[in-house]
Amino acid sequence: MADRQKIIIKRILKQLKGYKIWLVLTVICALVSVAGMLAVPVFFGKIVNNIVGAGEVYFDSIFNNFIIIGAMIAVTSIAQWLMNVVNNHITYNVVKDIREEAFSHIQELPLKYIDSHSYGDIVSRNIADVDQFADGLLMGFTQLFTGVLTIAGTLVLMLVINWVIALIVVVITPLSLFVAKYIATRTYTLFKKTSEIRGEQTAFIDEMVGNLKVVKAFNREDENIEKFDEINLRLTKASLKSIFYSSLTNPSTRFVNALVYAAVALSGALMLVFNTPLPVVFNIGLLTSLLSYANQYTKPFNEISGVVTELQNATACARRIYELIDEIPQVPDCEDATELKEVEGNVEFRNVYFSYATDKKLIENLNISAQAGQRIAIVGPTGCGKTTLINLLMRFYDVTDGEIRVDDKNIYDVTRKSLRQKYGMVLQETWLKSGTIRENIAIGKPDATDEEIINASKASYAHNFINQLADGYDTVISEDGGNLSQGQKQLLCIARIMLCLPPMLILDEATSSIDTRTEIKIQQAFAKLMKGRTSFIVAHRLSTIREADIILVMNNGNIIEQGSHEELLAQNGFYSKLYNSQFAI
């Protein structure tokens with residue numbers, strides 16, 4: 001555990017290398033601030049020594065010392081303000097860098113990771129954990145530098161004023177450090193557990209809010225509240241426990257600090273009362289300065305103990321962030337990968353093997369040959385591997401063995417970006433981003449003209465309902481499509497493809513959420529769109545793929561039948577039974 005923390009701390013320090021100038025500035029500000037604070041007790045001691053007795057008060061000297069003290073306090077305050085400004089700049093820029101690194105890495109992660117982790121936990125790492133990390137880092141910068149410098153400075157001055165009393169302070173100090181270390185080592189695990197439960201809670205809320213209609217439809221409100229309460233209770237207990245142990249640090253160190261102050265006061269008073277011979281001058285003014293230094297010396301231990309507690313939390317959060325950043329990204333494009341430019345649309349699977357889990361086989365020795373311009377329909381029962389073929393075609397997942405070729409080029413020899421640009425993809429699950437209707441249609445072609453967008457909308461039969469919206473194409477919708485119906489959202493997704501007109505198409509239940517009348521029109525539009533383009537059509541409703549050139553019937557990851565609609569019906573096999581079952585009375 002300790003080794004892991006050291007690695008994380010080293011990594012955080014590495015993250016700070018880009019801000020060396022700002023770090024130098026904060027050190028300078030800390031030095032000025034500490035120097036001012038350390039100088040003030042010296043002049044207070046002089047003021048005390050200028051009050052000798054009745055009729056022996058040197059007001060001129062006292063006044064001058066107060067002016068000097070005021071000037072020092074002003075300089076110290078300005079230095080502290082500048083240090084806070086610099087520390088804020090460092091902290092929030094480091095946080096910005098980490099968030100950018102984490103978000104950029106998410107874009108490079110394979111879909112296998114995204115599919116196997118809750119979205120809420122990923123969001124929690126990139127937002128809540130980074131915020132917690134920022135709070136700990138900011139406190140560390142604000143108090144750690146000044147605290148360490150103050151401890152070192154006051155110790156040196158106490159040694160100069162009275163080395164005997166300074167040694168007493170040094171002997172008692174390790175007790176404070178021991179208490180702080182003892183508690184801090186036990187808080188890291190607790191804070192780590194709290195962060196994990198917080199991520200679990202965020203994931204649950206994200207899941208329930210995103211599927212609230214389903215929750216209400218199945219009357220799952222009470223069960224969800226119970227589940228949330230259970231997670232919330234665990235989070236509360238973990239938070240209280242971590243805060244309880246971390247809160248012990250401050251009162252414990254305060255007790256030790258009180259012992260230090262009492263030891264200085266008692267030993268100094270005894271030396272003055274009994275006039276103990278010392279190799280240095282010692283008087284009431286110097287004792288006053290020593291008492292001030294004893295306070296200044298012990299105060300940073302309280303602050304540093306608080307910083308250590310926050311750093312434990314920050315380190316625990318940083319670990320979760322770095323775990324995300326350290327996840328193995330998708331296999332990069334080959335160094336000599338080329339751009340896939342002009343494409344006719346010949347697609348071939350050669351001896352392809354693939355499975356999502358090594359212990360569970362799915363696709364084995366799959367061979368498919370699709371000629372340019374052909375419409376390839378893929379049908380079969382749920383879980384047979386239809387969508388998996390689409391994932392392999394788009395390189396969302398990489399094959400375990402074998403190869404996939406486009407125009408006789410291995411898709412692993414071309415860049416992912418250029419490969420995916422050659423496909424137009426419409427899925428059963430629609431995705432719309434926050435923005436206008438126009439921006440959503442033009443997502444694949446940002447430089448499209450208004451005329452092109454309107455023509456694409458007309459071709460997908462979306463133009464009429466768009467015109468009926470309050471602001472037409474400038475209507476702003478939320479990420480879930482706002483008040484649009486599922487069918488309307490899917491029409492917008494189809495309009496995107498109509499706008500780009502790629503050489504190859506993937507239609508995964510593309511018309512599943514559209515009414516029958518509109519579906520007929522969409523099928524006509526797709527017929528025009530698919531003309532001359534290689535198209536892969538995943539369908540459950542077999543009535544939609546009767547015009548396909550080749551129908552691939554899949555089961556358990558294998559193609560068990562293939563041919564045209566009429567040929568497959570004539571075989572009276574699996575497809576025939578599947579087709580007839582959909583029209584049985």
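Reader: Is Y356 buried, partly exposed or exposed, and at what relative accessibility?

Author: This is a predicted model. Y356 has 35% relative accessibility, so Y356 counts as partly exposed. Buried would need under 20%.

Reader: What does F354 count as, and at what relative accessibility?

Author: F354 counts as buried because its relative accessibility is 5%.

Reader: How is a pair of aromatic rings described?

Author: By the distance of the centres and the angle of the planes. Now the case here. The structure holds three aromatic pairs. In one of them, F354 and Y356 sit 4.9 Å apart, centre to centre. Their planes stand at 85°, and the pair is edge-to-face.

Reader: What are the distance and angle for F354 and Y397?

Author: The centres of F354 and Y397 are 5.8 Å apart, with 70° between the planes. This pair is edge-to-face because an angle over 60 degrees counts as such.

Reader: Which parts does the pair of F354 and Y397 tie together?

Author: F354 lies in strand β3, residues 347-354. Y397 lies in the loop between α12 (386-393) and β6 (401-406). The pair therefore ties together parts 43 residues apart in sequence. Both F354 and Y397 are buried. Ring pairs link F354, Y356 and Y397 into a cluster.

Reader: Now another site. Where is T534 placed, and is T534 buried or exposed?

Author: T534 is in strand β12, residues 534-538. Its relative accessibility is 0%, so T534 counts as buried.

Reader: Which residues does T534 touch, leaving out those up to four places away in sequence?

Author: Among them are E344, G345, N346 and V347. T534 also touches A370, Q371, A372, G373 and Q374, as well as P503, M504 and L505.

Technical notes. Residues numbered from 1 in each chain as written. Predicted model: local features only at pLDDT ≥ 70, side-chain atom pairs only at ≥ 80, totals over all residues. Heavy atoms only, no water. Phe/Tyr/Trp six-rings, centres within 6.5 Å; stacked < 30°, edge-to-face > 60°. Buried < 20%, exposed > 50% of the residue type's maximum accessible area, 1.4 Å probe, protein only. Helix = DSSP H or I, 4+ residues; strand = E, 2+ residues; numbered from the N terminus. Contact = heavy atoms within 4.5 Å.
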